[in-house]
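Please consult the sequence and coordinates below while reading.

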Amino acid sequence: MTLEDLARLRRARDQVDRDYAEPLDVPALARTALMSPGHFSRSFRAAFGETPYSYLMTRRIERAKALLRRGDLSVTEVCFEVGCTSLGSFSSRFTELVGESPSTYRARSHDEGAAVPACVAKIHTRPVRNGEAKPTARP
């Protein structure tokens, strides 16, 4: 992979970071990177360790967690606010990445992190993608 390819992939990743709530798909992101959809998907995974869709959903769930912690929006409103179109798919993916349902996450207290700066909280509350969960220690 060339430095030029990496720069194009970063532009597409930056688009996901910026426009996560917009309807984004692989062909549109591939156009940003000036690549075919298949080549883009393979290259994105090789460069960033996950598929473009997985990266997009991680960004959306990350933002959803922040909105749910605020507590002024319903789970359905949060789902649509972050760009998801299916409440069922949103709830399933949220539960998969966070380990609890959006409703449970919203309902519990988040006071312990209230004094932590948002930039630090973002790092520590980032959703865990498939395969990133820390293995449990064996006796």
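## Basis of the description

Two residues are in contact, or touch, when they have heavy atoms within 4.5 Å of each other. With contacts of residues up to four places away in sequence not counted, F40 touches L9, A12, V26, L29, A30, A33, M35 and P52.

The model is predicted, and local features therefore need pLDDT of at least 70 and side-chain atom pairs count only at pLDDT 80 or more, whereas totals for chains, interfaces and linings use all residues. Residues are numbered from 1 along each chain as its sequence is written, and side-chain values use heavy atoms, with hydrogens and water left out.

## Confidence

The predictor's confidence in each residue is given as pLDDT, on a scale from 0 to 100. Its mean over the protein chain is 86, and 80% of the residues reach 70 or more.

Over residues 131-139, pLDDT stays under 50, and the model has one contact beyond four places in sequence for this segment. Where pLDDT is low, the predicted coordinates should not be read in detail.

## Overall fold

The protein chain contains eight helices and zero strands, and its pattern along the sequence is α-α-α-α-α-α-α-α. Helices (H or I, at least four residues) and strands (E, at least two) are DSSP runs, numbered from the N terminus.

Of the 139 residues in the chain, 35% are buried. Here, buried means under 20% relative accessible area, exposed means over 50%, and partly exposed lies in between (1.4 Å probe, protein chains only). Among contacts between residues at least 6 apart in sequence, 59% join residues at least 24 apart.

## Nonpolar core

A nonpolar core is a set of buried Ala, Val, Leu, Ile, Met, Phe, Trp, Tyr and Cys residues joined through side-chain atoms within 4.5 Å. The largest such core has 28 residues, and those with the most contacts inside it are F40, V78, V82, F90 and F94. Two or more residues are given to this core by each of α1, α2 (26-32), α3 (37-48), α4 (52-70), α5 (75-81) and α6 (87-98). The largest share, seven residues, comes from α4.

Leaving aside neighbours up to four places away in sequence, R8 touches A33 and L34, while Q15 is in contact with Y20, L24, L29 and T32.

L34 lies in the loop between α2 and α3. This residue is exposed, with a relative accessible area of 60%, and it has a positive phi of about 55° although it is not a glycine. F48, in helix α3, is in contact with L9, R10 and R13, apart from its neighbours within four places in sequence. F48 and L9 are 39 residues apart in sequence and 9.1 Å apart in space, C-alpha to C-alpha.

R59 lies in helix α4 and is buried, with a relative accessible area of 10%. Its C-alpha atom is separated by 9.2 Å from that of A21, 38 residues apart along the chain.

T95 is placed in helix α6 and counts as partly exposed, because its relative accessibility is 33%. Leaving aside neighbours within four places in sequence, T95 is in contact with E100, S101 and P102. The C-alpha atoms of T95 and Y105, 10 residues apart along the chain, are separated by 9.3 Å.

## Second largest pocket

On a 1 Å grid over the protein atoms alone, a pocket is an open set of points with protein on both sides within 12 Å along at least five of seven lines, and lining residues have an atom within 4 Å of a point. Grid points are joined across faces, edges and corners, and a volume is the space filled by probe spheres set on the points. About 170 Å³ of space lies in the second largest pocket.

This pocket is lined by 14 residues, of which Y53, R60, G83, C84 and T85 lie nearest its centre. At least two lining residues are supplied by each of α4 and α6, and the largest share, four residues, comes from α4. The lining divides into eight nonpolar, four polar and two charged residues. In this division, Ala, Val, Leu, Ile, Met, Phe, Trp, Tyr, Cys and Pro count as nonpolar, Asp, Glu, Lys and Arg as charged, and the others, Gly among them, as polar.

Terms used
On a 1 Å grid over the protein atoms alone, a cavity is a set of points where a 1.4 Å probe fits but cannot get out, and a pocket is an open set with protein on both sides within 12 Å along at least five of seven lines; lining residues have an atom within 4 Å of a point.
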